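Subject: Structure handover

Hello,

Please find the structure below, with its sequence. My notes on it come after.

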Amino acid sequence: GGGGVPLSASPNPVLAGQQVTVTGTGWRANKDYTVWFNGAEVGEVIADDNGTFTFVFTVPPGTADGSYLIELYRNNRLVADTTISVGAPPPPTSTSSTTTTIPTTCVVTGATASPNPVKRKTSNPKVLLSDLTIKVTTNGYSGCSSMYVYYAVAPNQNVYGTITSLANLGGGVYQGVIPATKHTDWTTGQKTFSVFLGGQVLWSGGSFTVTN
């Protein structure tokens, strides 16, 4: 009970495939918390010296309309939750000749992961033995800088992750890194990844293999 839950999410409502920013205030300084969406862990966050944190994740593409719980755990104990609404994107309007949306002329021409295959630790925590780098090649349009990568960690357990910002290497090439220790529940086998820009899929069917 008390004066409300010090956890908020925006935007709300949000579209499937869009990014959500989760903000927390009044938490214990420098402690780590786990963020869950719809019953699946989406990442970890550490509160700063003031007990505040910001965490960004992507609502999985294809998430059905409805209300979903965003939960905050500390040491496997639920400490806060908030509800977010997911709504389907409106159908594209092809009738109007003038449009205010920025043209999505970012074209991805290729995306690769390295090392591939990548090895994981066989005992818990099942982390990767090296950072995984995903390189995305584009047509060089400046708007490509807002791309993000959505990847599978343990798809059977509905565990996915997001690289929210990619480094611009120049020449239309961008690079994102999945730190080796970011996830502790990697399963073996082929994992898929996709590149998004503002909820639109620019590249799907990227893959890498995790081995013991």
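The notes go from the whole chain to single residues.

Please keep in mind throughout that this is a predicted model.

Overall picture

The protein has 17 strands and zero helices. Of its 212 residues, 37% are buried. The accessible surface is about 11100 Å², and carbon and sulfur atoms account for 50% of that. If you take the contacts between residues at least 6 apart in sequence, 58% of them join residues at least 24 apart.

The cores

The largest nonpolar core has 27 residues, and the members that touch the most others are I134, V136, M147, V149, W186, F193 and F208. Strands β9, β11, β12, β13 (159–163), β15, β16 and β17 (200–211) each give at least two residues to this core. The largest share comes from β12, with four residues.

F208 shows what the surroundings of one such member look like. Beyond its neighbours within four places in sequence, F208 is in contact with A113, N116, V118, L132, A152, W186, G189, Q190, K191 and F193. Another core, of 23 residues, lies apart from the largest one; V35, F57, L72 and A80 are among its members.

Aromatic rings

There are twelve aromatic pairs in the model. One of them is Y151 with W186: the ring centres are 6.3 Å apart and the planes meet at 10°, so this pair is stacked. Y151 is in strand β12 (residues 148–154) and W186 is in the loop between β15 (173–178) and β16 (189–197), so that the pair links distant parts of the chain, 35 residues apart. Both partners are covered: Y151 has a relative accessibility of 1% and counts as buried, and W186 is buried with a relative accessible area of 0%.

Elsewhere, ring pairs connect F37, F55, F57 and Y68 into a cluster. Y68 belongs to strand β7 (residues 66–74) and counts as buried, at 12% relative accessibility. The C-alpha atom of Y68 is 6.2 Å from that of S85, although the two residues are 17 apart along the chain.

The disulfide

How many disulfides does the whole structure contain? The search finds one. C106 is joined to C144, with an S to S distance of 2.0 Å. The torsion about this S-S bond is about 115°, so the disulfide is right-handed. The pair links distant parts of the chain, 38 residues apart: C106 is in the loop between β8 (77–87) and β9 (108–114), and C144 is in the loop between β11 (132–138) and β12. Both cysteines, C106 and C144, are buried.

A threonine in β13

T162 is in strand β13. With a relative accessibility of 11%, T162 counts as buried, since the limit for that is under 20%. Not counting residues up to four places away in sequence, T162 touches T58, Y148, V149, Y150, Y151 and K182.

Backbone exceptions

Most residues other than glycine have a negative phi, and most peptide bonds are trans.

- The peptide bond from S10 to P11 is cis, with omega near -5°. P11 is in the loop between β1 (7–10) and β2 (14–15).
- The bond joining N12 and P13 is also a cis peptide bond, with omega about 10°. P13 is found in the loop between β1 and β2.
- N30 has a positive phi, near 60°, and is not a glycine. N30 sits in the loop between β3 (19–24) and β4 (32–37).
- N75, again not a glycine, has a positive phi of about 55°. N75 is in the loop between β7 and β8, and at 62% relative accessibility it counts as exposed.

Regards

Key
Residues are numbered from 1 along each chain as its sequence is written. This is a predicted model: local features need pLDDT of at least 70, side-chain atom pairs count only at pLDDT 80 or more; totals for chains, interfaces and linings use all residues. Side-chain values use heavy atoms; hydrogens and water are left out. Buried means under 20% relative accessible area, exposed over 50%, partly exposed in between (1.4 Å probe, protein chains only). Contact means heavy atoms within 4.5 Å. Accessible areas come from the Shrake-Rupley method with a 1.4 Å probe; for residues, only the protein chains shown count as cover. Rings of Phe, Tyr and Trp (its six-membered ring) pair if their centres lie within 6.5 Å; planes under 30 degrees apart count as stacked, over 60 as edge-to-face and the rest as tilted. A disulfide is a pair of cysteine sulfur atoms within 2.5 Å. A nonpolar core is a set of buried Ala, Val, Leu, Ile, Met, Phe, Trp, Tyr and Cys residues joined through side-chain atoms within 4.5 Å.
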